[in-house]
Amino acid sequence: METQDHPAVFRHVLGDCRWDGVACQAYKEEGAAPFKAVSRQVLFSQPELAAELRYFEVAAGGWSTLERHAHVHAVMVLRGHGSCLVGCVVRDIRRHDLISVPPMTWHQFRAAADQPLGFLCLVNADRDRPQLPDADDLADLCTDPGIAAFLAQN
Ligand code: MN
């Protein structure tokens, strides 16, 4: 039942993937991890839900942090196109593609050079902190020429 503590949420879309009353935040604290030109909007984060739904937008030519963690992601591209690394596979991605990231799997999202890449990301509300690759992890990843080429764009 809707109460003062649990109000129904309705937010009008304002245009290109911005919503009334939803703050457009930094993706991560500056310096916390490497990334380029990513913003974050938390769309749903409610105590009744064990998950959060966020919208990330990677500006043209930008990229999310290369990371892994025990929690999983479910992603749907809402705008633009680009590519992603999940595990040992690099794929081109476009609007409405669905991508899941299994536990402890390296992943990174990149926008194409000509337009932003925006995606919804469903994630556990209670989750572990991402791990960043060390030099050995990067060397392992880069034994695959496709992944080496993908990461060389960072
Ligand atoms: Mn992640």
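From the N terminus on, this chain runs β-β-β-β-β-β-β-β-β-α-α. That makes 9 strands and 2 helices. The radius of gyration is 16 Å, close to the 15 Å that the globule rule gives for 154 residues, so the chain is as compact as a globular protein of that length. The model is predicted. It holds a manganese ion with four named protein donors: Glu67, His69, His73 and His107.

**Overall build**
- The C-alpha trace spans about 55 × 35 × 30 Å along its principal axes.
- Of the 154 residues in the chain, 37% are buried.
- Take the contacts between residues at least 6 apart in sequence: 65% of them join residues at least 24 apart.
- The accessible surface comes to about 8900 Å². Carbon and sulfur atoms account for 53% of that surface.

**The manganese site**
- Glu67 donates through OE, while His69, His73 and His107 each use NE2.
- These donors lie 2.0 to 2.3 Å from the manganese ion.
- Along the chain, the donors follow the spacing E-x1-H-x3-H-x33-H.
- Glu67 has a relative accessible area of 6%, so it counts as buried, the cut-off being under 20%.
- His69 is buried too, with a relative accessible area of 1%.

**Gln108**
- Gln108 sits in strand S8, which covers residues 107-111.
- Its relative accessible area is 0%, so Gln108 is buried.
- A polar atom of the Gln108 side chain lies 2.7 Å from the backbone oxygen of Ser64.
- Beyond its neighbours within four places in sequence, Gln108 contacts residues including Trp63, Ser64, Thr65, Leu66, Cys84, Phe150 and Asn154.

Definitions and conventions. Residues are numbered from 1 along each chain as its sequence is written. This is a predicted model: local features need pLDDT of at least 70, side-chain atom pairs count only at pLDDT 80 or more; totals for chains, interfaces and linings use all residues. Side-chain values use heavy atoms; hydrogens and water are left out. Donors are N, O and S atoms within 2.8 Å of the metal (3.2 Å for Na, K and Ca); water is not among the atoms, so sites may look incomplete. Buried means under 20% relative accessible area, exposed over 50%, partly exposed in between (1.4 Å probe, protein chains only). Helices (H or I, at least four residues) and strands (E, at least two) are DSSP runs, numbered from the N terminus. A polar contact is a pair of N or O atoms within 3.5 Å; within protein, one must be able to donate a hydrogen and the other to accept it, and residues adjacent in sequence count only if both atoms are side-chain atoms. Contact means heavy atoms within 4.5 Å. The radius of gyration is taken over C-alpha atoms; the globule rule is 2.2 Å times the number of residues to the power 0.38. Accessible areas come from the Shrake-Rupley method with a 1.4 Å probe; for residues, only the protein chains shown count as cover.
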